Amino acid sequence: MKRIARNPLVWFARRILSGAAVVWAAATFAFLIQCLLPGDRAQIIINVRSGNVGSAAPAELASINAQYGFDQPLVVQYANYIWRMLHGDLGESYQQHRPVAGIIAEQIGPTIALALAALLMAWIIAILTTLLIAGRDNIWSKLLSGAQIFLATVPPYWLATILLVVFAVNLRIFPVVGENSPMGLVLPTLALALELSGFFGQVVLNEFTRVLEQPFVTSARARGMSDLGVRLHHVLRHAALPGITLSGWALGKLLSGAILIEVVFARQGLGGVLVAATSSRDVPIVSGAVLISAGLFVLVSLIVDLAYRMLDPRMELT
């Protein structure tokens, strides 16, 4: 078993430093996006504001360059960008003329709620199916296992369209246009969760089957514990560990997937904002979303590591 520092403070400091490195890399990437974008940045801003595509006057370009610091050396621009980011300043939207941090803060709540709901639903589906099929050899277990593999390969965007047409347009069980209500959250959550449940299900199923053959499982059954009790109280906790390790990655995937799903269901969230920002080349909003996503990924990874440690106290902090 891998053994590293036993001191929790050392472990926490290492994780903070590694997380800061991830956010710094994301900030550098976001800065390079702005610098390497084809065309003159000042001209892009003027075109976005005016809605025209013609060339601006030199005086107007000089004014924009001075306002945003584009006339300074690239190293100075980068240092100023990092400094502003450390103070929570993600820039100003070219189109909305408002701080990017405020725009993202207004829209990120529904996106996070959708991603978390999908993660919870994916785990519920994966655990239920695993409890039913692990260690059993019958037609139902084979069908459910095949369904897990199928779901793991289905694109959420395609699945969202099918769910929308069937359950919203044809059956009219759920609203066609997305709402931030419990009913409006069901179909987007399923569209994201079903694919992830297939992936989690396969990971947990393999480990579940292996743990079922361990001596402590045989001992629990010899003491008279029921098969369901053994699966729930002894096997599941160990079998879920690989899936929990992947939950940090999965939530990052869900955040990016939620943006696409929000567009399909016309839900409030970052999806509509990013689509509008991309089409209008509003680079500060796009780069701000990249930074926020990186920060959330670091935070979730830390929480997942702590959860892993709580579920299996034998593991040392790494």
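**Aromatic pairs and nonpolar cores**

1. The structure holds 6 aromatic pairs, where rings of Phe, Tyr and Trp (its six-membered ring) pair if their centres lie within 6.5 Å, and where planes under 30 degrees apart count as stacked, over 60 as edge-to-face and the rest as tilted. In one of them, the rings of phenylalanine 31 and tyrosine 81 have centres 5.7 Å apart and planes at 45°, so this pair is tilted. Because phenylalanine 31 lies in helix 1 (residues 8–36) and tyrosine 81 in helix 4 (residues 74–86), the pair ties together parts that are 50 residues apart in sequence; helices here are DSSP runs (H or I, at least four residues), numbered from the N terminus. Phe31, Tyr78 and Tyr81 form one aromatic cluster.

2. On provenance, this is a predicted model, in which local features need pLDDT of at least 70 and side-chain atom pairs count only at pLDDT 80 or more, while totals for chains, interfaces and linings use all residues. Residues are numbered from 1 along each chain as its sequence is written, and side-chain values use heavy atoms, with hydrogens and water left out.

3. Both phenylalanine 31 and tyrosine 81 are buried, a term that means under 20% relative accessible area, with exposed being over 50% and partly exposed in between (1.4 Å probe, protein chains only). Tyrosine 68 and phenylalanine 70 form a stacked pair, 5.6 Å centre to centre with 15° between the planes. With a relative accessible area of 14%, phenylalanine 70 is buried, whereas tyrosine 68, at 21%, counts as partly exposed.

4. Which residues have the most contacts inside the largest nonpolar core? They are Leu119, Phe200, Phe208 and Leu254, in a core of 48 residues, a core being a set of buried Ala, Val, Leu, Ile, Met, Phe, Trp, Tyr and Cys residues joined through side-chain atoms within 4.5 Å. Several helices each supply at least two residues of this core, including helix 5 (100–133), helix 12 (247–265) and helix 14 (283–311), and helix 8 gives the most, with 11 residues. Apart from this core lies another, of 21 residues, among them Ala27, Ile82, Met85 and Ile108.

5. Leaving aside neighbours within four places in sequence, phenylalanine 200 is in contact with several residues, among them Leu119, Trp123, Leu246 and Ala250, contact meaning heavy atoms within 4.5 Å.

6. Serine 219 is placed in helix 9 (residues 215–222) and, at 35% relative accessibility, counts as partly exposed.
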